[in-house]
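The following report describes selected elements of one model, with the cut-offs behind each term.

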Amino acid sequence: MEQQVLELAQELAEIGRLVDDDDVVTTLDRFVTRVVLSVPECEEAAITALTQDTPEILARHHKTADQVAEPSRAALAAQLTASGGPLHDSLLYGEPRRIGDLAADHRWPEFGAAAINAGYRSCVFLPLPAGSIAAAFSLFSVKPDAFSSSSYDLVLLFALHAGVAFDNVTLYENSTKLIEHLQAALHTRTTIGQAQGVLMHRYGVTSDVAFDVLKRASQDQNVKLRTVSLNVVEAQNTGNLAEVLKKYGLALG
């Protein structure tokens with residue numbers, strides 16, 4: 001048993017590790033797939049996040065790929081993300097929800113009917129510790145009371161690791177976007193500096209004056225400063241600077 005726990009812990013660390021080009025969906029897909037394979041009696045698993053107060057399924061996996069069952073699974077997905085259902089409650093309040101027997105539990109009748117129609121008899125919803133984002137695991141089984149204390153503990157372990165991975169990959173994506181924005185800003189600053197240099201050399205003005213001239217042309221023509229600067233630099237390189245300067249009202253005389 002100790003060896004099995006160790007192997008599971010190692011595997012959880014591996015599937016939660018970020019690799020090149022990973023995004024939230026790719027990372028969470030690995031988790032839901034492994035949950036279905038590892039948790040006893042689990043037929044389907046999903047991870048859902050609350051986006052602008054609306055649940056959105058980010059990853060979903062089931063054991064079979066029976067096309068006949070797809071319509072009922074689609075109907076279940078619609079009820080799964082509906083407001084007022086057990087998953088929505090779990091996301092909204094950060095509390096677990098468990099239905100031992102869908103045929104006997106009438107707290108969420110529309111959801112229960114959709115789940116039974118999809119072939120399920122029990123399910124559990126666990127909030128993920130995903131920082132500022134509300135997210136939750138959903139697990140379904142064809143058997144009543146499938147998620148006993150032992151399997152429930154295993155699900156909790158998966159939920160903990162999935163939450164950390166979710167938080168990490170979201171932070172990674174945000175950091176990547178920030179870097180991209182900074183790189184774009186630096187590139188824009190370089191382009192503007194080059195355009196200033198062109199005007200300084202052509203008209204013998206200072207850097208501040210050249211910048212003011214470019215900025216005024218941007219405002220007068222209702223064109224972004226970067227675009228004006230880029231056109232000036234490209235015109236200098238291609239030999240049609242006079243034409244571009246005239247276009248933007250930058251020509252003297």
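At what angle do helix α7 and helix α8 pack, and how far apart are their axes? Helix α7 (residues 207-221) and helix α8 (residues 225-238) pack at an angle of about 115°, and their axes lie 8 Å apart, where axes are lines fitted to C-alpha atoms, for helices over the stretch in contact, and angles run from 0 to 180 degrees between N-to-C directions. The contact, which means heavy atoms within 4.5 Å, is made by F211, L214, K215, A217 and S218 of α7 together with L225, V228, S229 and V232 of α8. By class, these contact residues divide into 6 nonpolar, 2 polar and 1 charged, with Ala, Val, Leu, Ile, Met, Phe, Trp, Tyr, Cys and Pro counted as nonpolar, Asp, Glu, Lys and Arg as charged, and the others, Gly among them, as polar.

The model is predicted, so local features need pLDDT of at least 70 and side-chain atom pairs count only at pLDDT 80 or more, whereas totals for chains, interfaces and linings use all residues. Residues are numbered from 1 along each chain as its sequence is written, and side-chain values use heavy atoms, with hydrogens and water left out.

Helices (H or I, at least four residues) and strands (E, at least two) are DSSP runs, numbered from the N terminus, and two strands pair if DSSP finds at least two bridges between them.

| Pairing | Sense | Bridges |
|---|---|---|
| β1 (residues 44-51) with β2 (residues 54-62) | antiparallel | 8 bridges |
| β1 with β5 (residues 135-141) | antiparallel | 6 bridges |

Within these pairings, T51 has T54 in β2 as its bridge partner, while I47 stands opposite F137 in β5. The hairpin of β1 and β2 has 2 residues between the strands, and Q52 there takes a positive phi near 50°.

Strand β1 is mostly covered, with 7 of its 8 residues buried, that is, under 20% relative accessible area with a 1.4 Å probe and protein chains only. Leaving aside residues up to four places away in sequence, A45 touches V32, V35, V36, A59, R60, H61, S138 and L139.

Methods. Buried means under 20% relative accessible area, exposed over 50%, partly exposed in between (1.4 Å probe, protein chains only).
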